Amino acid sequence: MWIDTHCHLDAHEFGNESVAQAALARAQGVGMIVIPAVETANFAIVAQLAASVDNACYALGIHPIYVPHAEEDHLRVLREQVAAAMADPNFVALGEIGLDFFIPMLTEPAMREKQEFFFREQLKIARDFELPVLMHVRRSQDVVLKHVRQIRPNGGIAHAFNGSAQQAKSYIDLGFKLGFGGAMTFTRALQIRRLAAELPLEAIVLETDAPDISPSWVHPGRNSPDQIPRIGAVLAELRGLTVEEVAAATSVNACAILPRIK
């Protein structure tokens with residue numbers, strides 16, 4: 001079995017094909033797809049989608065790219081929704097949360113401060129409910145690490161990891177897994193491929209971030225969760241392992257860091 005630990009299956013790019021995409025992934029051996037929310041407006045949508053197929057679960061959170069339009073009251077809504085979702089077996093984590101210092105508008109001082117406030121408050125929610133977090137860490141590794149050290153959630157995943165070996169070690173020491181996906185399939189992505197080959201296998205989980213971060217054979221087209229086995233095959237090749245070994249290990253890792261996965 002394969003697990004896609006990060007897939008925006010509810011994204012508009014999938015139109016009305018989300019359920020069909022989950023079925024296609026299931027046919028390729030993808031036994032679970034984790035669907036993170038990005039704003040309060042899609043909390044119910046991801047929960048309903050996870051309930052409508054047998055190989056999906058979901059997370060609730062406010063994505064840093066949606067922070068500019070978020071209101072502080074949305075954090076209250078998130079806390080209340082998380083409290084209610086704890087009774088839902090399809091609910092597995094808090095996410096997608098984090099920091100994005102790549103988009104210029106998000107790096108302006110006031111917006112950077114707002115991002116960090118929302119991130120810290122969401123870390124507190126995760127801590128209070130003993131939940132793992134799915135973290136967006138684009139150009140923000142060290143600042144994310146600083147906040148995670150201060151407000152310790154119950155582990156989680158540094159999604160689309162693209163940091164240094166030292167940053168990777170810091171996440172691992174804090175009990176986090178690192179998400180690898182389509183970026184790893186490009187031969188020019190030397191640093192990501194080196195980390196994928198050399199980091200402890202027990203620290204790695206697989207993801208698509210579909211419809212984004214398409215693998216090399218799909219780029220620039222729409223990514224989809226059925227690509228996980230082929231992405232996993234690239235990881236197997238980089239590490240000199242069998243595809244079966246990578247499927248088993250990354251699934252065990254995903255279930256260890258997201259223990260509510262059914």
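Select Asp100: with a relative accessible area of 0%, Asp100 is buried (under 20% relative accessible area; exposed is over 50%, partly exposed in between; 1.4 Å probe, protein chains only). The model is predicted, so local features need pLDDT of at least 70 and side-chain atom pairs count only at pLDDT 80 or more, while totals for chains, interfaces and linings use all residues. Residues are numbered from 1 along each chain as its sequence is written, and side-chain values use heavy atoms, with hydrogens and water left out.

**Asp100 and its partner.** Asp100 lies in strand E4 and Arg138 in strand E5 (residues 133–138), so the pair ties together parts 38 residues apart in sequence. Strands (E, at least two residues) and helices (H or I, at least four) are DSSP runs, numbered from the N terminus. Arg138 is partly exposed, at 32% relative accessibility.

**Strand E3.** Now select residues 56–60. Five of the five residues in E3 are buried. Which way do they point? Ala56, Tyr58 and Leu60 point one way, Cys57 and Ala59 the other. In a regular strand the side chains alternate between the two faces of the sheet.

**Neighbours of E3.** Show E2 (residues 30–36). E2 and E3 pair in the parallel sense over four bridges (pairing needs at least two DSSP bridges between two strands). Pro36 has Ala59 as its bridge partner in E3. Then show E4 (residues 91–100), which runs parallel to E3 and is joined to E3 by three bridges. Here the bridge partner of Ala59 is Ala93.

E2, H2 and E3 make a right-handed β-α-β unit: with the strands pointing away from the viewer, the path from the first strand over the helix to the second runs clockwise.

How many does a search of the whole structure find? There are 11. Select Arg222 and Glu17, whose side chains meet at 3.3 Å, N to O. Arg222 sits in the loop between E8 (204–206) and H8 (228–239), Glu17 in the loop between E1 (2–4) and H1 (18–27), 205 residues apart.

Next, go to helix H4 (residues 109–128). Arg112 and Glu116 are four residues apart there, about one helical turn. Their side chains form a salt bridge at 3.7 Å, N to O. Arg112 is partly exposed at 30%; Glu116 is buried at 16%. Last, select Asp73, Arg76 and Glu80: salt bridges that share partners join these residues into one network.

Methods. A salt bridge is a side-chain nitrogen of Lys or Arg within 4 Å of a carboxyl oxygen of Asp or Glu.
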